[in-house]
Each structure stands twice: as structure tokens, then as C-alpha cells.
Number of protein chains: 2
Amino acid sequence: MGIYLDNAATTAQKPASVAEAVAHILQGAYGNPSRGAHGYSLAGFRVAETARKKIKDLFKADHHYEVAFTNNATVALNEVLKGLIQPGDHVITTDWEHNSVLRPLYQLEAQGASFDVVTSEAVTGRLDYEQFTQKIRPETKAVICNHASNVTGNRLDLEWVKDFCDKQGVYLIIDASQTAGVVPIDLSDGKVAAVCFTGHKSLYGPQGTGGVCLQKNLPIEPVITGGDGMQSFSKVQPKELPTLLEAGTLNIPGLAGLAAGIQWVQEQHSEIDLGSYFYQELQKIAGVTIYGDFTSPRVAVFSINIKDAESAVVSELLWEDYQIATRPGYHCAPLMHEALGTADRGTVRLSLSSFTTKAEIDQVLEALQELASR
Amino acid sequence: MGIYLDNAATTAQKPASVAEAVAHILQGAYGNPSRGAHGYSLAGFRVAETARKKIKDLFKADHHYEVAFTNNATVALNEVLKGLIQPGDHVITTDWEHNSVLRPLYQLEAQGASFDVVTSEAVTGRLDYEQFTQKIRPETKAVICNHASNVTGNRLDLEWVKDFCDKQGVYLIIDASQTAGVVPIDLSDGKVAAVCFTGHKSLYGPQGTGGVCLQKNLPIEPVITGGDGMQSFSKVQPKELPTLLEAGTLNIPGLAGLAAGIQWVQEQHSEIDLGSYFYQELQKIAGVTIYGDFTSPRVAVFSINIKDAESAVVSELLWEDYQIATRPGYHCAPLMHEALGTADRGTVRLSLSSFTTKAEIDQVLEALQELASR
């Protein structure tokens, strides 16, 4: 169909094993897990447990952590933020955040919580880490940070933030939507309270999967409640994880696909090197402004503008004239664009996956060169 | 593997077209809908819109209604109940409800709302409709009813409840988890405010699908908020449906499967007649207590007990000795068991699907006969 460079939204191309794993479930006879002791139910249960173990292994999570599945990272972030933050609590976040973090925070603010935003530099989007220290308060309960910006591809200095939160005694919540599967996440030091992830981006699983890997003792009240198949007479959701955050029926075929995706990721090399090549060549094109920090580790997400053109116009030309799929606009991260200085026109985002080839990147560079010369 | 009679939990057997539709998406190149104007994104968008149209057609929903997808009926019920009911509001519900309704109501009660429960007769589980009139109050905002009990298979007299709510001017919310696809639901009179449904039961779609078909003008505040791909600078979730209730990425492969499932359902006959046969023969087995009302229209869900045995013991024997998968216990519907008189031991639930055969039913009857003779 063309060249797909919108992998930060979803990896449209999946390993063949993912479709096979999902179809296998739907062609088989897999019941609703934990809702009956018959073999069909146990078969469904085992699929969920396999995916759970894959996530725990991926994040080097020990027995202090549990994995709860949701249908996407957004629900996971809502469950953790709204489940943890009470009126009167204070939160520190960054201007890198996606609306899946910002909108829950605005809702919590309306209910009496408060939050402060650590901001970034123009153009590079480099985070000013000193502001964490300036913004901490006695009532600060949590820090929520994007592990990598979905606009610039900049990566958080996770070690720095972990140490900060550890010293201050506040919960650290990580949005790993852009990193899980492509950047190692190691929970073995116990300094991260919760990692929210999506299954359908760099874990190459199906859409409809995601979740949170969180410390078992986090004082979380569930947002969504319902059946758990076990403690029917309890008026409240059972406190045990994952049941606490898994009301209703899980996406078992999706989780089979997610497990296959993670398996595939663990057997691959990452696309980071092709990203470096892309950046190196991109710099040579006159008229292209590249946003982001290229002096630190990053993910293969690139935001650009060409001369003074609207991002929507450039993105449309790339699709219509070259069949190159990119994403224009604000990428659900309004504060990032205020920081970058692109709140007027957004950016054209090009995001790579493991399926992106050098030949495709060369075609993209050629197209950008042509557009910049117009 | 055996005989699967736990279809009220999930239809483990799906039409072949469902797996094919899901695999087709995962093998293709489908982007994130509404998050870019490139072809991959539009292809994803079209999958969601096809499923949306199928649901609207199924429920004869006109332009006053919209469909929002969630990952299961539980999330849909949470979104509608918690989005609509404010502190001070009153709700009428029934003892047929699943914990996906009761637990949200207990949470709302803790926040200052209140609710009353219309109760049922012992053994038959027949609802006492007069109580609706007795329990209505000036502050009653909504009535939430299970369209069919997942314990007894009894069907709600939806026309009666529709007229009641219409006359009283209160919102009617229907939990169609056990009925969508097997009992016609007609929204064309505009008397139902919202129908919450699951995709993975009698619509034969994959787990990980569900949603709500609701009136566009319902005053709902979203529970889950996040990115919408369009109005990035808005601090609140956009008010337009379905965006209001669809924060984050949709389960596009799942929705392709759901559309295929609905298509299949619309081309099939229902399993109701086999259910009548099962009931007719079941009555002949001495020592079997059958719960439910068999004088009114129903769905093919049967709750029984054998002599004074624990439901868990009977269900385990059915699986271990006969490879018949049933479900014992309370089926996440505690108040139903209090009404039926089975709060001490639950019931053995046997639920049919379109894949259930007469030969299977005969084997099940034989097994029950043997167990009852022990």
C-alpha cells in the first residue's frame, strides 16, 4: 500500500505469529478464565497467565509486582492515576505527557487534587530535570512521566527520576507506551511503582491489549468494577491483583497475540540503528526543522516541519504523492508542542518499526528532499 | 474436548468467519483510526465504522443513537452508570443484576447516590414488577435492568419497563450481555437510553469487544479519558460520541471479528428450540431442581441443583466424569441467589449456544440422570 511511518500510533505490520496465535484461540475452544474449573476455562486462564509472565519477564518484575491487563494504555493510566490520587494529593508530571495522562489529571484537579508540570526546552524538547526538585511538596504523592515522548522520541532519564522519587518517597508511574519492547525497563530495584504499557505498538501485539505492571501493595481503588467470577457476594472489587483491576472478561485472543508479539520482539534486533541513519541523512536536507534532543538515548520517533508549511499539508502531500504514511498535528500531546514552539502548526511525525527497511527510509528521504525543494 | 455448556460466560466456539476476519486485520496493514488521514488509518477507521453500523442495525437504532466500543460490557456499564448518576440521584435496579452493575452502584452509593432493588420470587426468579412503581421517587434518575438473568435465563418484560420509564421520565439502561444477538432489541421507539452489550457471547465475536448503544444527548461525563487524535488542545474529552467514551486505541481486529460474528448471527436460527427440548426432558429427571420461570419468553440458560449436593461438586463431576463444561456457584449475581434461595450452595448453570447440538443435549441429559440416581 505504501510506506508506513506511523508506528508511534500503532505498529500496523505485525509478525505472522501474532495473527496465528489469535486465530488459534478463536478457532479453538477457550473459555472465560477463572470463571469455572472446566478445561475450556483453564485453557483461557493459561493464555492470560502466559502473557502475564511474558510481561513480568520483559520488565524484570519480581514477586512484589503483578500485571493487570486492560484494553489499552489509556485505561491502565486512568486506573492507576484515578485509583491512587485522592483530593488534596499533589502530582508532578512533565510536558511530554499524552492526553491519556493529562486529561485524567485535569479531572483529578477538578476533584481537589493538584499537579505541576516540569517543562522542556524549545525545539529540542529537553526536559529541565531541576524543576522536579523545585516542584516537590509535602503533599506530593506521585510522579508520572512519559518514558519517551511520542512527539520528539526523546527518552526520559529514568535512572535520575527513579532516584529522585526514591529519595523523596513518592510513587513513580511510568507511561511506557512508546518504549515497552524497544527500550529495556528493569523493575528489579523496586523504585518504579507502576509501568503502564500498550500491547499494539512496539510489543507488536494486537490492538485491544495493554495493561499495567504494578507493585502489589499500591493503595489503589479500582475505577472500573464488576464481576470477578470468584467472590460474588463481595460488594466491592476483591483487593487482590490482578482481579482488582480486571473486572469483566479479558481479551484472551488478544493476549495470545500479545504473548506472540513479545516473543518475537525478544528474538529481534531493534530499529534504533535505522533511526540513526535516518537522522543523519535528514539533517542534510535544507529547509527541514528537526525537533528533539539527539544528544541522548532516544526512540525512533521523529518530528519535523518543512520550511513554514502546515504539518497537515506536508503529511497530506507525503501520503497523496508518495504513499508515505505519517502523522501531522499534535499527537495528543498539547504541552509538548507549546514547549517545542509548534503549537501553531504541529509537526509531521515519522515513526519507525522493526519492519521499516533502509530502502523505505531512502525513499522517504528522497520525498522529503523533493518537498523541501518546492 | 467435550461438551461446552458455559456459553453464558463466553461462547467458546466461534464461527470460522470470526477468526478469519481478525487474522485478516492482523496480517494486513490497518492503522489507528481517526489519528491520521493516510490510507492505513482510514482502513482501520472503516473497520470500526462497519462494526458500529452492524450494531446500530441490529438494535434498530436511528440517528438519535450512537455506538461506543469498549473492551467488554463491564466497562460499558461502568461508563454509563458512573457517567450519568450524580450524588443525590436515585436508581432503581433488580436482583437479577450482575456485579458489573451492582459494584458500580455500591461505589456510587458511597459517593452519595442511592438505589433500590426490585426483587424476585424464590425458585422461579420471577420479577415483581409492581415494586418499580413502589420504589420510584422524585430523585429517581435511571432504571438499570438486566435484559435476561445470567442465572435463570428469565427474560425481562422489556416493553413493560420501557413504558414505565417513559411515563416516569427516567432513563432506562439495559444490560444486554445475555441477549444481544439472541433476543431482538428494538430501539426505534426511543424509550431506551442505553443498551450495554458484550461482543463475545451471543454475538459470537472475540473477547475484548463490547460497548454501548446510547442516545446521543445523554448527559454523560466520561469515566476513562485520554487521547482522541483530533482535539489535542482540549483539556476535557470531546463531548461528541463516540469520542466521548472511546479514549485511547480501539480493538480494531476484535471489531472486525465482532462484525463477522453479527453477520453470522443474522444468518442463523437461534438455539431457543433446543433449549425448550432440554427443559422438557430435564423436568423428567427426579432429584433435579430447576430454577427460573418457564411460563415466559427466556434465553437458553438453565440453573439447576441435584438433590442437596453442592453446585461445585456437581459441576466438577460433570467435567471430570463426562467432560461436560458447566459453571457452578453464583455467576457474579449474588442478589439473584438470595432471591432464588440458593445463596448457600449456588446453582449449576448450563448455557447453550448455536453450536450446541441435540446429540450433546442428549448426552448431558443422560449424565444428569446418572448423577441424580447416585
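A nonpolar core is a set of buried Ala, Val, Leu, Ile, Met, Phe, Trp, Tyr and Cys residues joined through side-chain atoms within 4.5 Å. The exercises below use this predicted model.

**Exercise 1.** Find which residues touch the most other members of the largest nonpolar core.

*Solution.* Start with the core itself: the largest one holds 114 residues. Next, look for the members with the most partners. In chain A they are Phe59(A), Phe132(A) and Val143(A). In chain B they are Phe59(B), Phe132(B) and Val143(B). Now take Phe132(B) and set aside its neighbours within four places in sequence. Its contacts then include Val143(B), itself on the list above. Others among them are Ile92(B), Leu127(B), Trp160(B) and Phe164(B).

**Exercise 2.** Decide whether the radius of gyration of chain A agrees with that of a compact globule.

*Solution.* Count the residues: chain A has 374. Then check burial: 66% of the residues of chain A count as buried. Last, list the secondary structure, which comes to 11 helices and 12 strands.

**Exercise 3.** Locate Asp228(A) and say whether it is buried or exposed.

*Solution.* Find strand S8 (210–215) and helix H7 (252–266) of chain A; Asp228(A) lies in the loop between them. Its relative accessible area is 5%. Buried means under 20%, so Asp228(A) is buried.

Technical notes
Residues numbered from 1 in each chain as written. Chains lettered and ligands numbered in written order. Predicted model: local features only at pLDDT ≥ 70, side-chain atom pairs only at ≥ 80, totals over all residues. Heavy atoms only, no water. Helix = DSSP H or I, 4+ residues; strand = E, 2+ residues; numbered from the N terminus. Rg over C-alpha atoms; globule rule 2.2 N^0.38 Å. Buried < 20%, exposed > 50% of the residue type's maximum accessible area, 1.4 Å probe, protein only. Contact = heavy atoms within 4.5 Å.
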